[in-house]
Amino acid sequence: MKSQAGDPWYIHAALYLVIAILSIILIKVAIIDPKNAVEQEKSWQTESRLRMNNIKAAEILWQKKHGNFTDNLSQLIKFIKTDAFVDSVVNSFDSLTMKPANPFKPLSNGQFVPESLMHSPKTYQTYVLQIDTSLSVDTTINRRGVVIKVDTTIVLGTRYFLDDPDGYGSVGDLYNDAKKNTSSWE
């Protein structure tokens, strides 16, 4: 049986089938795949920022106990897992509200895992953590202008800088006290 244009019906059916398949592929490539990519990127960003907030909380606890910040993520994770001071803070309650005073937030999977703080979720690269170093020199000179002694003091860790290797933000600043413990996305 031929159509009015003189072509067999199965040619028109095949063309309609090709048009339908190409339409489905276009919808998938133009709408569904980018939506999934955006959702995945947003998920990685949320997870990374949760991890950086937990690193910030750990750095604050480290400073309260040791008087300075650290630039060693492995040491910080070990501190979270084994130190009695951290355990006492995590298990304490706010005296006014009687809510838990745990500074660590659960990650996207619903629990806090200290080992996850080492790497970013997208590329699994290690977070960049740096501390500042300041050097102060004090020279003692007698009345004749002769140098008696030179005192050099090196101070480590009064400020820290945490950066996500995937570009989802940073916490702190090495040069500005006003940005101490401040997240770039807040």
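This is a predicted model: local features need pLDDT of at least 70, side-chain atom pairs count only at pLDDT 80 or more; totals for chains, interfaces and linings use all residues.
Residues are numbered from 1 along each chain as its sequence is written. Local features need pLDDT of at least 70, side-chain atom pairs count only at pLDDT 80 or more, and totals for chains, interfaces and linings use all residues, while side-chain values use heavy atoms, leaving out hydrogens and water.

**Exercise 1.** Work out in which order the 3 strands form the sheet, and which strands stand at its edges.

*Solution.* 
1. Strands are DSSP runs of E with at least two residues, helices are runs of H or I with at least four, and both are numbered from the N terminus.
2. Two strands pair if DSSP finds at least two bridges between them. β1 and β2 (residues 147-163) share 13 bridges in the antiparallel sense, and Leu135 lies opposite Ile154 in β2.
3. The order is β1-β2-β3, an open sheet with antiparallel pairing.
4. β1 (128-141) and β3 (170-172) are the edge strands; each has a single partner strand, so one side of each lacks a neighbour in the sheet.

**Exercise 2.** Follow α1 along its residues and find where the kink is centred.

*Solution.* 
1. α1 has 58 residues and spans 83 Å from first C-alpha to last, close to the expected 86 Å (1.5 Å times one less than its number of residues).
2. The kink, about 35°, is centred on Lys28; the bend is the angle between axes fitted to the seven residues ending at a residue and the seven starting there.
3. Just after α1, Gly67 has a positive phi of about 85°.
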